[in-house]
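Q: This one is new to me, so please walk me through it. I'd like to hear what backs up each label.

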Amino acid sequence: MKNLYGVIGDPIAHSMSPAMHNDAFLSLGMDAHYQPFLIKREDLPVAIPGMKAIGISGFNVTVPHKTAIMPLLDEVDPLASAIGAVNTVVHENGKLIGYNTDGAGFIRGLHEEYGQPILDKRILIIGAGGAARAIYFTLGQQGAEYVDIANRTLDNAEQLKARCPYPVETFIFTLEEAEEKLADYDVIIQTTSIGMSPKMEESPLQLHNIRPDAFLSDIIYNPAETAIMKEAKKRGANVQNGLRMFAYQGALAFEKWTGILADPDRMEKIVLDKLG
Ligand code: ATR
């Protein structure tokens, strides 16, 4: 029997993951198939034992199940547990084990395009939601030294810092304060939804103090260039969008299932083709 993999979510029809993973299986000559599964929120408690019963080898998890799935799994890796979200499940020795590859995918992609080690750099994260949590905690787990957080609601950023199980030196700022201090940072990570439709022209903060040798990474990849990326480029900084992160979270999930790191360039190209 072919090894079966998949992704669960609602909606799921537009997920890029089946094309990315099926291409990886094909290019590596592996006899496997990756299938999207539309699972409604209320069906999750029966769907998960069902995935186990049909003998699925592994699957990705997307909106709205990333947190709700956790108590339904046999084990959750400590980093995913701290983040409070699972995006990858491995079926191993009769157990479903949950992981989170979003933060690690982001850091791999950032490291590659930044071109030098980032863990000793001065990093600013803009935003304090779910995406920021995955990135901040994974930076902490990997040993980042200075990671500050700027957010509209200070309390959300304070909670993010308080819940991080890894030692990181972190100061919390309002968006206005961060604008003034921006020259302190080597790497700036934009994690809010500002810049996506319908807020395409908006930017979470102004960049008049960004250094021309700074690097700005926006986790948004559609549009390919957000207003804050354009502004950073105008001021001489290097930028990247979220495509690399998305490709790498997939490549790392693939590695958890098969032991082989899928080619992120191929995965990235498939997403670009699909975006048109
Ligand atoms: P995700 O899980 O995708 O990261 P989220 O949890 O809804 O999304 O987090 C959204 C982030 O974007 C938060 O940091 C939020 O700021 P608050 O904590 O103040 O809510 C930020 N955000 C969303 N809309 C914003 C806006 N119009 N201005 C400033 N920040 C905004």
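Q: Where does Asn93 lie?
A: Asn93 is in the loop between strand 5 (88-92) and strand 6 (95-99). Strands here are DSSP runs of E with at least two residues, helices are runs of H or I with at least four, and both are numbered from the N terminus. Before we go on: this is a predicted model, where local features need pLDDT of at least 70, side-chain atom pairs count only at pLDDT 80 or more, and totals for chains, interfaces and linings use all residues. Residues are numbered from 1 along each chain as its sequence is written, and side-chain values use heavy atoms, with hydrogens and water left out.

Q: Why is Asn93 called exposed?
A: The label needs over 50% relative accessible area, while under 20% is buried and anything in between is partly exposed (1.4 Å probe, protein chains only). Asn93 comes in at 77%, so it's exposed. Its backbone has something to show too: phi is positive, about 50 degrees, although Asn93 is not a glycine.

Q: What makes Glu145 partly exposed?
A: Its relative accessible area is 39%, so Glu145 falls in that middle band. You'll find Glu145 in the loop between helix 5 (130-142) and strand 8 (146-150).

Q: Which residues does Glu145 touch?
A: Leaving out residues up to four places away in sequence, Glu145 touches Leu119, Asp120, Val168 and Glu169. Touching, or contact, means heavy atoms within 4.5 Å. As for Ala232, 87 residues along the chain from Glu145, the two C-alpha atoms are separated by 24 Å.

Q: Why does Gln190 count as buried?
A: Its relative accessibility is 0%, so Gln190 is buried. Gln190 belongs to strand 10 (residues 187-190), and its contacts beyond four places in sequence include Ile126, Pro204 and Ile228.

Q: What makes Gln249 buried?
A: Gln249 has 8% relative accessibility, so the buried label applies. Gln249 sits in helix 9 (residues 243-258), and a polar contact of 3.3 Å links its side chain with that of Asn87. Beyond four places in sequence, Gln249 touches Asn87, Thr101, Asp102 and Gly105.

Q: Why is Met267 counted as buried?
A: At 1% relative accessibility, Met267 is buried because the label takes in values under 20%. Met267 is part of helix 10 (residues 264-275), and among the residues it touches are Met20, His21 and Ala24.

Q: And what makes Phe173 buried?
A: Its 13% relative accessibility does, so Phe173 gets the label. Phe173 lies in strand 9 (residues 172-173) and touches, among others, Asp148, Leu154 and Tyr185. From Phe173 to Arg266, 93 residues apart along the chain, the C-alpha separation is 38 Å.

Q: Which residues surround the ligand?
A: The surroundings include Gly127, Ala128, Arg152, Thr153, Asn156 and Lys199. To be near, a residue needs one of its heavy atoms within 4 Å. Taken alone, the ligand exposes 640 Å², of which the protein buries 63% (areas by the Shrake-Rupley method with a 1.4 Å probe).

Q: Which pocket does the ligand take up?
A: Its space is the second largest pocket. A pocket is an open set of points on a 1 Å grid over the protein atoms alone, with protein on both sides within 12 Å along at least five of seven lines. A molecule sits there if more than half of its atoms lie within 2 Å of the grid points.

Key
1 Å grid on protein atoms, 1.4 Å probe; cavity = no way out; pocket = protein on both sides within 12 Å on 5 of 7 lines; lining within 4 Å. Polar contact = N/O pair within 3.5 Å; in protein donor to acceptor, adjacent residues only side chain to side chain.
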